[in-house]
Amino acid sequence: MIDRREFIASSSLALSAAALGTVTAGTANAEQPAQPKRKYRLIATEEAFASPEQVEYFRKAENSAWTDPDIELWRHFLNTGILLRRLLDVEQERLSIMDQAGVDMHLLSLTSPGVQCLNADAGTALAASANDYLAEIIKRHPDRYAGLGSFAPQDPARAAKEIDRAITKLKLNGMIVNSSTNKEYFDNRKFYPIFEALTALDAALYIHPRNMPEPWNDMLKADVYLWGAIWGFQAETSLHAMRMIISGVFDDFPKLKVVLGHMGEGIPYWLYRMDWMYLHNPADVYKSASGRRLKRKPSEYVQDNITITTSGMNTHDVLEFCHKVLGPDHVMFAIDYPYQESVEAATFMQTSPLPEADNEKIAHGNAERLFRIPTA
Ligand code: MN
């Protein structure tokens, strides 16, 4: 039997790939040979990039004693040529893979965990420079790229200012956060300045996964290796969204628009049970936990405030289910480049069994509306 540490040390590619959900058989040049038939304009809405400055931060952390699970992931990223190259590239390979797959546009976002491992000052500064960098990329390729801005929840007041700058000055298309920050979630009232800024600007917030903070990540990881994209990301991100719903964030900010990837991180499947439990458990158990009773059923916030994307979930059964539960206006196409395959995702969308008009909404129309992307 191979010792687990030896195994991990000898398979860093497999580790980063498995933890992130990347297809390990992917090669440097082609993704898949067959090209999908073009039907709809395709705007892919959860597409990762790295800024050189972000990579430098993680290179410094590579040799540090930091024990954050995402730092551990980055140690392997940095030694995995293909992922790092594809994250940094926006001028060459990315565009040719988009062309090969028939993907018209990437809505770019700084790859997880963004700036959220850093201290408040460094995170705030890196978010601002990454947003400037992203705005320049979009300026060079306005027909191929749009982008979600980053901010550092470590300092909510400065985060609110950066959100305003990113949307009004840099004309970015929305904002992204990689779930929890220093073990805190957005049900915490200290983050309300962030929601005030987002709703004043009518800007959507994409809540993207990262690994659970310790000690929970270790419970996902020990013996079964379920951290990362196979299960841990979904556990972390669905927890984040549920904390916001049950704590009443959407009662305080009824116009707040949240986006969840991966077909809603399992939440659309859970609507009946969350409502049943909320309505049948003694009212005071939720009230005493969060200090209030919700104005509506939990599922109603999912259906009104949340839009999901198809990132990394290329299965028509789930698409049909989510379309039925959330409606055609609350689902958007995404790939999760460079962690998953572009041709496969595009083929999945172009062969969707849903009505044509709804496919148009999912492939591009909803993204154009929610993120104010010019129609082609
Ligand atoms: Mn992703």
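## A buried tyrosine to start with

Tyr192 is buried, as its relative accessible area is 12%. Here, buried means under 20% relative accessible area, exposed means over 50%, and partly exposed is in between, using a 1.4 Å probe and protein chains only. Before going on, note that this is a predicted model: local features need pLDDT of at least 70, side-chain atom pairs count only at pLDDT 80 or more, and totals for chains, interfaces and linings use all residues. Residues are numbered from 1 along each chain as its sequence is written, and side-chain values use heavy atoms, with hydrogens and water left out.

## Aromatic rings

Searching the whole structure turns up 13 aromatic pairs. For Tyr192 and Phe253, the ring centres are 4.8 Å apart and the planes sit at 85°, so this pair is edge-to-face. Rings of Phe, Tyr and Trp (its six-membered ring) pair if their centres lie within 6.5 Å; planes under 30 degrees apart count as stacked, over 60 as edge-to-face and the rest as tilted. Tyr192 belongs to helix H9, while Phe253 is in the loop between helix H12 (249-252) and strand E6 (258-260), so the pair links distant parts of the chain, 61 residues apart. Helices (H or I, at least four residues) and strands (E, at least two) are DSSP runs, numbered from the N terminus.

Phe253 is buried too, at a relative accessible area of 9%. Both rings are part of one aromatic cluster, together with Phe186, Phe191 and Phe195. What about Tyr225 and Trp227? Their centres are 5.9 Å apart with planes at 90°, so that pair is edge-to-face. Trp227 is buried at 0% relative accessibility, whereas Tyr225 is partly exposed at 24%.

## The sheet

Now for the strands: 5 of them make an open sheet, in the order E4-E5-E6-E7-E8, with parallel pairing. Two strands pair if DSSP finds at least two bridges between them. At the edges are E4 (175-177) and E8 (331-332), each pairing on one side only.

Take a look at E7 (residues 306-309) and E8: they run parallel and are joined by 2 bridges. Thr309 has Met332 in E8 as its bridge partner.

## Two crossing helices

Helix H3 (residues 52-62) and helix H4 (residues 69-77) have axes that come within 9 Å and cross at roughly 100°. Axes are lines fitted to C-alpha atoms, for helices over the stretch in contact, and angles run from 0 to 180 degrees between N-to-C directions. H3 and H4 are therefore roughly perpendicular to each other. Angles of 65 to 115 degrees get that label, while those under 35 count as roughly parallel, over 145 as roughly antiparallel and the rest as oblique.

On the H3 side, the contact uses Gln54, Val55, Phe58, Ala61 and Glu62; on the H4 side, it uses Ile71, Trp74 and Arg75. Contact means heavy atoms within 4.5 Å.

Most residues other than glycine have a negative phi, and most peptide bonds are trans. Where does this chain do something else? The bond from Glu214 to Pro215 is cis, with omega near 10°, and Pro215 is in the loop between strand E5 (205-207) and helix H10 (216-221). Tyr337 and Pro338 are also joined by a cis peptide bond, with omega about 0°.

Asp202 is not a glycine, yet it has a positive phi of about 55°; it is partly exposed at 35% relative accessibility. Asp223 has a positive phi of about 70° and is exposed, with a relative accessible area of 68%.
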